[in-house]
Amino acid sequence: MRHSFIDQYSDLDSLIHRLDPRTKFITSLVFIVIVVLTPIKNWQAFALYFALVATLLIISKLPPLYVLKRSLVIFPFVLMTAIFIPFFKQGEAVGSYNIWLWQVSVTYSGLLVLANVVIKALLCILSLILLSATTKFTDLLKGLKQLGVPKVIILILSFMYRYIFVLVDEVMRMRQARDSRNFGSGRLRQLKTLGNMIGTLFIRSYERGERVYAAMLARGFDGEVRSLHQLNFERVDAYFGAAFGLALVSLVIIFW
């Protein structure tokens, strides 16, 4: 069972790793907001945004292949959502194509919207990868709690992080059992088996949640997660936040 696929490289030693989780979260949030609000026509700004986040990725010493793999996991969902925009956006047509009985047209405005979604999504994904990969998930949750995020959201995220590994291990065992019993079976039967697996996983997850809840009540859990480790906002956090904010403000002033 793997227990570190979310924050696998959070134990590396770099300037980014040593920053307070609250500093990294706030700077990442500001970066995402500015990227989303930047007009797509300011392509120079997006090039500099990418250079900025790429520089931070290099400083963090994260393996480039790891960053690429994490990006490819999320990016196809964004692309699948936005790929149809050029065909339905009104405007000047770039070209028309016949697909079976339909004639569809690609417009300039649609391509511009597609580029807007893809570029901004890529930059936001890279910033989130930088945040999650350089910060222990427990420290990130503690930082979010101190920033005023509701306690119920913190608890949900903490339990998700704690038990997602158990559920993944359960899925792997069910998959191994399915493969050992479905040799040579047809596709229809495999789909039926897959449906049964999903239902079984849901029931087991529900039952496990009930047992965990009962065990926590038996041990006097009052909804407060306590820890001896305290977060410290140090001088380097102030310097990094000021430098990062100054760089973003400069880009906004120059290109907006």
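Colleague: What volume of space lies in the largest cavity?

Modeller: The largest cavity holds about 120 Å³ of space. On a 1 Å grid over the protein atoms alone, a cavity is a set of points where a 1.4 Å probe fits but cannot get out, and a pocket is an open set with protein on both sides within 12 Å along at least five of seven lines; lining residues have an atom within 4 Å of a point. A volume is the space filled by probe spheres set on the points, which are joined across faces, edges and corners.

Colleague: Is this model predicted or experimental, and how are residues numbered?

Modeller: This is a predicted model, where local features need pLDDT of at least 70, side-chain atom pairs count only at pLDDT 80 or more, and totals for chains, interfaces and linings use all residues. Residues are numbered from 1 along each chain as its sequence is written, and side-chain values use heavy atoms, with hydrogens and water left out.

Colleague: Back to the cavity: which residues lie nearest its centre?

Modeller: Thr 27, Ser 28, Leu 56, Leu 130 and Phe 244 do, out of 14 lining residues. Two or more lining residues come from each of α2, α3 (43-59), α6 and α10, and α2 gives the largest share, four residues. Helices here are DSSP runs (H or I, at least four residues), strands are E runs of at least two, and both are numbered from the N terminus.

Colleague: And what about the pockets? How much space lies in the largest one?

Modeller: The largest pocket contains about 380 Å³. It has 18 lining residues, and Thr 138, Leu 141, Lys 142, Ile 154 and Val 225 are the closest to its centre. Both α7 (137-146) and α8 (151-181) supply at least two residues of that lining.

Colleague: Which residues lie nearest the centre of the second largest pocket?

Modeller: His 17, Arg 18, Leu 19, Pro 21 and Asp 139. The volume of this second largest pocket is about 270 Å³, and α1 (15-18), α2 (21-37) and α10 (235-255) each give its lining at least two residues.

Colleague: Changing topic, at what angle do the axes of α4 and α6 cross?

Modeller: The axes of α4 (residues 64-82) and α6 (residues 108-133) cross at roughly 145 degrees and come within 10 Å. Axes are lines fitted to C-alpha atoms, for helices over the stretch in contact, with angles from 0 to 180 degrees between N-to-C directions.

Colleague: Where is confidence lowest?

Modeller: Strand β1 (residues 93-99) is lowest, at a mean pLDDT of 60, and α2 is highest, at 93. The chain averages 82, with 87% of the residues scoring at least 70; pLDDT is the predictor's confidence in each residue, from 0 to 100. Where pLDDT is low, the predicted coordinates should not be read in detail.
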